[in-house]
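Please keep the model open while going through the points.

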Number of protein chains: 2
Amino acid sequence: MSDGAERLLGEIRFGPDGLVPAIAQQHDTGEILMMAWMNRDAVRLSLAEGRACYWSRARQTLWRKGETSGQVQHLRELRLDCDGDALLLLVDQQGVACHTGRRSCFFRAWRGADWATIAEPEIDPEILYPREDR
Amino acid sequence: MSDGAERLLGEIRFGPDGLVPAIAQQHDTGEILMMAWMNRDAVRLSLAEGRACYWSRARQTLWRKGETSGQVQHLRELRLDCDGDALLLLVDQQGVACHTGRRSCFFRAWRGADWATIAEPEIDPEILYPREDR
């Protein structure tokens, strides 16, 4: 591993499963777009390619955000927390972050008695993920 | 469990360890303050008391944020993501969120060759955590 990669990854405390939680925030508005997981390769690739790449726990594979939907996250800055066990990605989200077609995945808010949907889809998921790709 | 608690907790997908990641964001500025973990009791208590309560993985106990340091997070809104496996807490942070005395725990940014410290402590940690409480 190069010195740079050593310094980059050496400060990140990956969990026993080799993953670290990563928060994606729109760099200029501060909106939280989503939370996902990264392994070492996902961190390296995100920096090398300048766009967010995560580890899909469901599919057990690297997941270049937007590779199917086109909704790419251009990486503006990578931040690390005090304990080294959480990442914050400041990104420029192209289109929407959520697979439901909403800008943010956090579209449900607790309203005292139930969860309320506080945002509607901006894009039809059928357009984001054409049936043959599902 | 009451109907309300059933609706609240029933939509949250806690991991095999009974925990779900929780992001704390300052409600008006959008600043990401920290990421921590919550179990069912932490979610219930946060809503009941109107202030963030987490599960400390290090100490294996409920952790009412600010109980030692006084740096309480007043809960303004609880949000849930599309998959139900991540929480977003919109809070009003009293003082600082980080145990280092910084406003946010995400004070390190990758600068191409190394991690740079991009924020300085606002409060001496010795004041936040008097020696006898450490």
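**Notes on the contact between the chains**

1. The contact draws 40 residues from chain A and 40 residues from chain B. Contact here means heavy atoms within 4.5 Å. This is a predicted model, in which local features need pLDDT of at least 70, side-chain atom pairs count only at pLDDT 80 or more, and totals for chains, interfaces and linings use all residues. Residues are numbered from 1 along each chain as its sequence is written, chains are lettered from A and ligands numbered from 1 in the order in which they are written, and side-chain values use heavy atoms, with hydrogens and water left out.

2. How much area is buried between chain A and chain B? About 3400 Å², with carbon and sulfur atoms giving 64%. Buried area is the accessible area (1.4 Å probe) that two parts lose on being put together, summed over both. In chain A, the residues losing the most area to chain B are F106(A), R108(A) and W115(A). Together they account for 21% of what that side buries.

3. Polar links cross the interface too. Between chain A and chain B, 23 residue pairs are in polar contact, both residues at pLDDT 80 or more. A polar contact is a pair of N or O atoms within 3.5 Å; within protein, one must be able to donate a hydrogen and the other to accept it, and residues adjacent in sequence count only if both atoms are side-chain atoms.

4. Which elements of chain A touch chain B? Helix 1 (3-10), strand 1 (20-26), strand 2 (32-38), strand 5 (73-80), strand 6 (87-93) and strand 7 (108-110) each supply at least two residues. Strand 5 of chain A gives the most, with four residues. Helices (H or I, at least four residues) and strands (E, at least two) are DSSP runs, numbered from the N terminus.

5. Two bridges join it to strand 7 (residues 108-110) of chain B, and the two run antiparallel. Strands pair if DSSP finds at least two bridges between them. L80(A) stands opposite R108(B).

6. R108(B) also forms a salt bridge with E11(A) (2.9 Å, N to O). The rule asks for a side-chain nitrogen of Lys or Arg within 4 Å of a carboxyl oxygen of Asp or Glu. Eight salt bridges cross the interface. Another salt bridge links R7(A) and D114(B) (3.8 Å, N to O). R7(A) lies in helix 1 of chain A and D114(B) in the loop between strand 7 and strand 8 (115-117) of chain B, so this pair joins two chains.

7. On confidence: the predictor gives the complex an ipTM of 0.94 and a pTM of 0.95.
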